[in-house]
Amino acid sequence: DISDEVTWQSSCEASLTIESDTGFAEAVDASNETNCPPDGVVTITVTGNGTAVTQTQALNVTAAVLIDGSLEVTPDSPAIAKGETQQFNASGDFTDGSTDVDLTGNVTWSVSGTDSSGNEVASIDESTGLAEGLNQGGATVSALFTGPTQSGSSEPAATAALQVGGRVLVSIAVTSDDDDESVPLGATVRY
């Protein structure tokens, strides 16, 4: 290995920087707003010290990708009542150093789980992550990312548990058959 004995150079430092003495390269901009290079491909040139030999390698700088294993669904284990809703969110980290990037609208949402009678426990909007409790029981909410990943693996997913309980009384109204607000001593009123 003579990597530290040669000189390294990038044809477009705006897109790809390279350490001239070690050859470590870092993609810094994939937008190509400066039109550097015009075809979107950066050329890395290696020149041997004391020799006239030059070798080039083309490299296409692409946008940042999701780091494997960083996809996360929150909240992790919420509990809701039948008829209530719960918003789920997805986030992940990218190779450009950005962390906890909101991916809620960039994943496909699904939910699985049935009660003892075989009825679905919950439903979810596949594009927004809004779940609704349908029947009592446990369910698993999944977020599937279909964009590019660090290792090129296809469609990483993350999950969270959802518990749906029975209906919850949130208000009650007491009324009588009689519009009269007073009851004489010894009389009865039906409510």
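Reply: First, a definition: strands are DSSP runs of E with at least two residues, numbered from the N terminus. By that numbering, P75 lies in the loop between β6 (72–74) and β7 (79–81). Note that this is a predicted model.

Me: Is the peptide bond from T74 to P75 cis or trans?

Reply: P75 belongs to the loop that links β6 and β7. Omega for the bond from T74 is near -5°. The bond is cis.

Me: Is D100 buried or exposed?

Reply: D100 sits in the loop between β9 (89–92) and β10 (101–102). Its phi is positive, about 50°, although D100 is not a glycine. Exposed means over 50% relative accessible area. D100 has 57%, so the residue is exposed.

Me: Which strands are at the edges of the open sheet of three strands?

Reply: The order is β8-β13-β12, with antiparallel pairing. An edge strand pairs on one side only. The edges are therefore β8 (85–87) and β12 (122–124).

Me: Which residue in β13 stands opposite Q87?

Reply: β8 and β13 run antiparallel. Three bridges join them. The residue opposite Q87 is L130.

Me: Which residue's backbone oxygen does the side chain of N135 reach?

Reply: N135 is placed in the loop between β13 (130–133) and β14 (137–145). Leaving aside neighbours within four places in sequence, its contacts include K82, D115, N119 and E120. The side chain of N135 comes to 2.8 Å from a backbone oxygen, that of E120.

Conventions: Residues are numbered from 1 along each chain as its sequence is written. This is a predicted model: local features need pLDDT of at least 70, side-chain atom pairs count only at pLDDT 80 or more; totals for chains, interfaces and linings use all residues. Side-chain values use heavy atoms; hydrogens and water are left out. Helices (H or I, at least four residues) and strands (E, at least two) are DSSP runs, numbered from the N terminus. A polar contact is a pair of N or O atoms within 3.5 Å; within protein, one must be able to donate a hydrogen and the other to accept it, and residues adjacent in sequence count only if both atoms are side-chain atoms. Contact means heavy atoms within 4.5 Å. Buried means under 20% relative accessible area, exposed over 50%, partly exposed in between (1.4 Å probe, protein chains only). Two strands pair if DSSP finds at least two bridges between them.
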